[in-house]
Amino acid sequence: MRNLWRSLRACSGLVLAVLLIAAPATAADLRFSIFHTKADAFSVPEDKWMEAVTKQTGGRIKFKPGYAGTLFTITEAFDAVQSGAVELGLTAASVLSGKLPDVSPFEPLGAYPHGGPRYDEMLREIEPILEAVFAQHNVVHLWSYGGPGVTNVCRNKHTKLPEDYKGLKLRPAGRWQGFQMRALGASPVVIDPGSVYQALQTGTIDCALSNNNLTLSFKLHEPGKFVTQYGLPVNWVFYLMNKKTFESLSPEDRKILKETSREASLTGFTLVAEAQNASVAKLREQGANLHPLSEAERKAFQEASRGVYDEIRKTVGEAGKKILEITSRYR
């Protein structure tokens, strides 16, 4: 009787093992720290990416996005992903330049092409470098792209030419944007994004760098009715994943995740640019005084602020220098 019981128990264990092997992988519900709102332009490529990953993995990978910094702020996102406090996070070059100087070349206005075939060619060259940079910090770089639609929102005038910046108190989005503004004669002021409306309203600042979509969603064109549109890209954004989480996925799901992410990198800029263009139309409808820079005005801005790249070169390692070399060829 005892031998029969042992045989049955062994058989049941074998059956259970077979069932576990045959069973589909448990769904991974990934917490995703996102700094912007659900209605923001950045959500367009994000939603497409999340839908594609979930569909192609048969639901094994799902996402739990926390919008508007409800999980972590944009300045906290990298550390949160690195430590495993969240599985995924969205951050930007402007908040990483101190911690990871090699991504600094992506922060300034006009640092790389404003979309198109040259942008795609540059992206293919840069992606392996970015993967290596983040891998050194035990973080997986999934995908990233540049930010189109940059604006300067001012209380009293447009900033068309370099001399228009002199004496202005201006809120940039990061250290190197601040360097560009200082080179033009403005005084950079550090202010949290949520406080920019009030700062413009009270005159604490004269201008604030933003983009068309955020100008609209934060209603910055109400206290700052003069909106200069640069027609330049700015402040690359990065979608990052915790290394242990990535390695815990099956080889098949890791492959799907990388393939869908590569596609998202290639389409992200265009999708956000289209959403930014829609915001331009709404800004115009709501009475914003818009001035798109002419080609001559754009070149004057870039020439006057070109020294930023020499300064960045002093702070970066070999990877950052390689990125500077690549972006300068395509700029």
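This report describes the disulfide, a central strand pairing, the pockets and the cavity of a predicted model.

## Disulfide bond

The model contains one disulfide. Its partners are Cys-154 and Cys-207, whose sulfur atoms lie 2.1 Å apart. That separation meets the criterion for a disulfide, because the cut-off is a sulfur pair within 2.5 Å. The link between Cys-154 and Cys-207 is right-handed, with 110 degrees about the S-S bond. Cys-154 belongs to strand E5 (residues 150-154) and Cys-207 to strand E8 (residues 207-211), so the bond ties together parts that are 53 residues apart in sequence.

Are the two cysteines, Cys-154 and Cys-207, buried or exposed? Both Cys-154 and Cys-207 are buried. In general terms, a disulfide is a covalent bond between the sulfur atoms of two cysteines.

Strand E3 spans residues 88-92, and five of its five residues are buried. Cover is present on both faces of E3: Leu-88, Leu-90 and Ala-92 are buried on one side, and Gly-89 and Thr-91 are buried on the other.

E3 pairs with strand E1 (residues 28-33) in the parallel sense, over two bridges. Within this pairing, Phe-32 has Leu-88 of E3 as its bridge partner. E3 also runs antiparallel to E10, to which five bridges join it. Leu-88 takes part here as well, standing opposite Met-241 in E10. Leu-88 is therefore a residue of E3 with a bridge partner in Phe-32, a position opposite Met-241 and a buried setting, where buried means under 20% relative accessible area.

## Largest pocket

The largest pocket holds about 1100 Å³ of space. Its lining comprises 41 residues, and those nearest the centre are Ile-74, Arg-171, Ala-173, Pro-193 and Leu-214. By class, the lining of the largest pocket divides into 23 nonpolar, 14 polar and four charged residues.

Several secondary-structure elements each supply at least two residues of this lining: helix H4 (93-96), helix H6 (175-183), E8, helix H8 (212-217) and strand E10 (234-242). Which element provides the largest share of the lining of the largest pocket? That element is E8, with four residues.

## Second largest pocket

The second largest pocket has a volume of about 190 Å³. It is lined by 16 residues, with His-114, Gly-149, Asn-212, Gly-231 and Asn-277 nearest its centre.

Helix H10 (residues 251-285) gives the most to the lining of the second largest pocket, contributing four residues. The classes represented in this lining are eight nonpolar, seven polar and one charged.

## Enclosed cavity

How many cavities of 30 Å³ or more does a search of the whole structure find? The search finds one. The volume of the largest cavity is about 40 Å³.

The residues that line the largest cavity are Leu-109, Gly-110, Gln-180, Gln-302, Ser-305, Arg-306, Tyr-309 and Arg-331. By class, two of these lining residues are nonpolar, four are polar and two are charged.

Key:
Residues are numbered from 1 along each chain as its sequence is written. This is a predicted model: local features need pLDDT of at least 70, side-chain atom pairs count only at pLDDT 80 or more; totals for chains, interfaces and linings use all residues. Side-chain values use heavy atoms; hydrogens and water are left out. Buried means under 20% relative accessible area, exposed over 50%, partly exposed in between (1.4 Å probe, protein chains only). On a 1 Å grid over the protein atoms alone, a cavity is a set of points where a 1.4 Å probe fits but cannot get out, and a pocket is an open set with protein on both sides within 12 Å along at least five of seven lines; lining residues have an atom within 4 Å of a point. Grid points are joined across faces, edges and corners, and a volume is the space filled by probe spheres set on the points. Ala, Val, Leu, Ile, Met, Phe, Trp, Tyr, Cys and Pro count as nonpolar, Asp, Glu, Lys and Arg as charged, and the others, Gly among them, as polar. Two strands pair if DSSP finds at least two bridges between them.
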